[in-house]
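Me: I'd like to go through this model feature by feature. Could you give me the general idea each time, then the case here?

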Amino acid sequence: HVNHALFWQIMSPKGGGQPTGELARAIEKTFGTFSKFQDEFTRTALGVFGSGWAWLTVDPKTKALRIEPTPNQDNPITEGRVPILGVDVWEHAYYLDYQNRRPDYVRAWYNVVNWDRVTELYLEALRS
């Protein structure tokens, strides 16, 4: 439930583009550029064997961003991190439209990411 509750919050038909403000600065500080972030996030999503998720998380102690995968229904919360962005890479998330073309699904998914909501979640994680 937790994974999908977040998943539906961070998507919008008016999504896409790039984050702005503090989240954009944190991504650039951590990954160099938004493009490098996307490359690493996509690589992580495509590297999940079978079913699972790719996440952008915040470490509540260091406030650092991190990209990480989880298998199946697992969530970074169990490791003490705060997920702010997650892509579902279980086949049920994309099979009807993309069959076995996970790379096409992940690329298209970026077009619906609601970066305003992800930024809100990032700022909330910084305050926790």
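Reply: Strands here are DSSP runs (E, at least two residues) and helices are runs of H or I with at least four, numbered from the N terminus. Keep in mind that this is a predicted model, where local features need pLDDT of at least 70, side-chain atom pairs count only at pLDDT 80 or more, and totals for chains, interfaces and linings use all residues. Residues are numbered from 1 along each chain as its sequence is written, and side-chain values use heavy atoms, with hydrogens and water left out.

Me: Which residue has a positive phi of about 50 degrees?

Reply: That's N72, which is not a glycine either. N72 is in the loop between β2 and β3 (82-88), and N72 is partly exposed, with a relative accessible area of 36%.

Me: What is the strand order in the sheet?

Reply: Strands of a sheet pair through backbone hydrogen bonds, either parallel or antiparallel. Here 3 strands form an open sheet, ordered β2-β1-β3, with antiparallel pairing; two strands pair if DSSP finds at least two bridges between them. β2 and β3 are the edge strands, each pairing on one side only. From one strand to the next, the twist averages 25 degrees, using axes that are lines fitted to C-alpha atoms (for helices, over the stretch in contact) and angles from 0 to 180 degrees between N-to-C directions.

Me: How many bridges join β1 to β2, and how many pair β1 with β3?

Reply: β1 and β2 are joined by 7 bridges; T57 stands opposite R66, and W53 has T70 as its bridge partner. β1 and β3 pair over 6 bridges, with L56 partnered by L85.

Me: Why is β1 described as largely enclosed?

Reply: In a regular strand the side chains alternate between the two faces of the sheet. In β1, G52, A54, L56 and V58 are buried on one side, and W53, W55 and T57 are buried on the other. So 7 of the 7 residues of β1 are buried, and β1 is largely enclosed by the rest of the structure.

Me: Which residues have the most contacts inside the largest nonpolar core?

Reply: In soluble globular proteins, nonpolar side chains tend to be buried together. The largest such core has 34 residues, and F37, F41, L56, L65, I84, L85 and W109 have the most contacts inside it. A nonpolar core is a set of buried Ala, Val, Leu, Ile, Met, Phe, Trp, Tyr and Cys residues joined through side-chain atoms within 4.5 Å. Among the elements that each supply at least two residues are α3 (34-47), β1 and α6 (115-127).

Me: What does W109 touch?

Reply: Not counting residues up to four places away in sequence, W109 touches F7, I10, M11, F41, L85, G86 and V87, where contact means heavy atoms within 4.5 Å.

Definitions and conventions. Buried means under 20% relative accessible area, exposed over 50%, partly exposed in between (1.4 Å probe, protein chains only).
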